[in-house]
Amino acid sequence: MATRNYQGNKYNKSSMDKTSDALTIEEPLQININDQPFTISMRTPGDDISLIRGLLHSEDLLNDIHYIPELIIKKENNNGIVTIINLNIQEDKLGNGYTNSRSLLSVSSCGICGKTELNDMAFMGKTIDDNDKIDIGLIHELFNKMNNLQFNFRKSGGTHAAAAFNLKGDLLCAMEDIGRHNAVDKIVGKLINDKKLKDAKIMTVSGRISYEIVIKCFKARIPFLAAVSAPTSLAVDYAKELGITLFAFCRDQRATCYSHPQRTKIIQSNTKAS
């Protein structure tokens, strides 16, 4: 259940008609760790297990990727939507993101708040130095595949999407959510749960790229990240530092690469610089 119908008045110049529109559902999910409130995520209900697993990974809340916490549903609303989930995690499995950080209650879409210097990358791990190359022409095919699976967006126009592919362009999974970062977390969580994270080499996302998306991609060790719209300046800075090949403005058979272009190749004979 990702959409809900709402009534409205639709105005067109001097006329007015009644309309019924499918709107994307946005509901809060409170995540408790060991019975203590930890974060609230405003998300589209569905694939909550993947969302939580991806969040645990991208925020470094677990120190063992193979560890599966006990998950208990604590509360649902009148529509049957889960509103509170508790995770029971052994203390020796809690990662630095939990033991060394503030609660995420105020920064649920941000994995880097509180860091003082861009150059201080030690907290995130080794820079990606993948030597594989990707054909620019493949990028456009991947977005077509992702777009074909944006069922909720076609109903409501209110969701973002993310998808993961292997280097050949085979789809591994695709997810939608009202939040861009949630869609990415759902992708990462699904890949972990399906034991396919190491197969993922390319991530595509709808909308713009901000730095938290780059960080989540890096934590998943995915070397290629491509977006429909613009990147922010900090997204490009982090992509350069962390070893991610970042593409943006991927539409109308065009794409702009802002970092690590040595991993790209062009098979077409006639090309122009964007």
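I began with Tyr238, which is buried at a relative accessible area of 5% (buried means under 20%, exposed over 50%, partly exposed in between, with a 1.4 Å probe and protein chains only). I keep in mind that this is a predicted model, in which local features need pLDDT of at least 70 and side-chain atom pairs count only at pLDDT 80 or more, while totals for chains, interfaces and linings use all residues. Residues are numbered from 1 along each chain as its sequence is written, and side-chain values use heavy atoms, with hydrogens and water left out.

Next I searched the whole structure for aromatic pairs and noted 2 (rings of Phe, Tyr and Trp, the last by its six-membered ring, pair if their centres lie within 6.5 Å; planes under 30 degrees apart count as stacked, over 60 as edge-to-face and the rest as tilted). I noted Phe38 and Tyr98 as a tilted pair, 5.4 Å centre to centre with 35 degrees between the planes. Phe38 sits in strand S4 (residues 36-43) and Tyr98 in helix H2 (residues 96-99), 60 residues apart (helices, H or I of at least four residues, and strands, E of at least two, are DSSP runs numbered from the N terminus). I recorded Phe38 as buried at 6% relative accessibility, whereas Tyr98 is partly exposed at 25%.

I then returned to Tyr238, whose ring centre lies 6.0 Å from that of Tyr211 with the planes at 25 degrees, so the pair is stacked. Tyr211 belongs to helix H6 (residues 211-219) and Tyr238 to helix H7 (residues 233-242), so the pair ties together parts 27 residues apart in sequence. Tyr211 also counts as buried, at 19% relative accessibility.
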